[in-house]
Amino acid sequence: MIENFNGYIDKESDEYNLLLEISKKPLPAHIAIIMDGNGRWAKKRGLERFEGHKAGIKSVRDVVETSARLGIKFLSLYAFSVENWKRPKKEIMQLMGLLKKYIKEELPTLKKNNIRFKAVGRISELDVSVRKLISHAESQTAKNSGLHLNIALNYGGRVEIVDTFKKILNTYGKDLKVDDIDEELISKNLYMKDTPDPDLLIRTSGELRISNFFIWEIAYTELYFTKVLWPDFNRKELFSAIKDFQNRQRRFGGI
Ligand code: IPE
Ligand code: IPE
Ligand code: MG
């Protein structure tokens, strides 16, 4: 795995020492990230919020590339919540514009690096121009076996559970008996049915909340909060989060 960073990381750097350290222990299979703090990053610099979102794209690229090099299997990024429609129309348009630009520009890299792209959330409610790009990127990368990159868009943890119940009823209808309802049935009808629950959830910007991300899935996820604002989150920050995770003792209710 370390070879994947040859030529990318200076071997004299702190970053490289962190990489050596985390390479000795098992890595999280699934990392989920609440990418927060773009607006505050811009404000601190006297810039428009949009500049913060633009700068945040650089962190997305860095984290996706680093996760792929590390051999992480699943990476889920919270990009737009169902609650984010409360923002000014102009900001929503800008966010959707950046998303479209990201997908267009990144698709060749995703393909080259064997990354599978998937959007999770109420995708059908998004503008047709966004949906077209998403389904194109999904179909072009569907057979890739490297990093599985999930982008949560128009996503809400509670609406996901609502959608899951609807899907179950649509599939089984009157054949569904009370005793058929169990955790496994719910889990396998969620948006990401083939994805294991996150091992590590990172939230940037110092807010200590979940903001409706992956409510069902994070029952036993290790949580990592950092004050770093999303546009400042980079490879080294990711290594630090993983190192912290590796020093946790996961008990899942046992002893
Ligand atoms: C995260 O940054 C990006 C999205 C929620 C889309 P914010 O835009 O929430 O930035 P802050 O929290 O206002 O600093
Ligand atoms: C959470 O950030 C949503 C995303 C990162 C997409 P918000 O900035 O929307 O969350 P709150 O409003 O601070 O809880
Ligand atoms: Mg925020």
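What is the volume of the largest pocket? The largest pocket has a volume of about 740 Å³, where a volume means the space filled by probe spheres set on grid points that are joined across faces, edges and corners. A pocket here is found on a 1 Å grid over the protein atoms alone, as an open set of points where a 1.4 Å probe fits, with protein on both sides within 12 Å along at least five of seven lines.

Before we step inside, a word on the model. This is a predicted model, in which local features need pLDDT of at least 70 and side-chain atom pairs count only at pLDDT 80 or more, while totals for chains, interfaces and linings use all residues. Residues are numbered from 1 along each chain as its sequence is written, chains are lettered from A and ligands numbered from 1 in the order in which they are written, and side-chain values use heavy atoms, leaving out hydrogens and water.

The largest pocket has a volume of about 740 Å³, and 32 residues line it, with M35, N38, Y78, A79 and N84 the closest to its centre; a lining residue has an atom within 4 Å of a grid point. Elements that give two or more residues to this lining are α2, α3, β2, α4 (89–112) and β4 (148–155). These helices (H or I, at least four residues) and strands (E, at least two) are DSSP runs, numbered from the N terminus. By class, the lining divides into 16 nonpolar, eight polar and eight charged residues; Ala, Val, Leu, Ile, Met, Phe, Trp, Tyr, Cys and Pro count as nonpolar, Asp, Glu, Lys and Arg as charged, and the others, Gly among them, as polar.

The space it takes is the largest pocket. Its shell, meaning residues with a heavy atom within 4 Å, includes M35, D36, H53 and L95. Helix α2 (38–44) and helix α3 (49–70) each supply at least two shell residues, and α2 gives the most, with three. Polar contacts are pairs of N or O atoms within 3.5 Å. An oxygen atom of ligand 1 lies 2.9 Å from a backbone N or O atom of G39, and a polar side-chain atom of R40 is 2.7 Å from an oxygen atom of ligand 1. R87 also has a side-chain N or O atom 2.7 Å from an oxygen atom of ligand 1. On its own, ligand 1 has 380 Å² of accessible area (Shrake-Rupley method, 1.4 Å probe), and the protein covers 86% of that.

Strand β2 (residues 74–81) provides the largest share of its shell, four residues. By class, this shell has five nonpolar, three polar and four charged residues. A polar side-chain atom of S211 lies 2.6 Å from an oxygen atom of ligand 2, and the side chain of D36 has an N or O atom 3.2 Å from an oxygen atom of this ligand. Taken alone, ligand 2 exposes 390 Å², of which the protein buries 78%.

Technical notes
Polar contact = N/O pair within 3.5 Å; in protein donor to acceptor, adjacent residues only side chain to side chain. Sits in = over half its atoms within 2 Å of the grid points.
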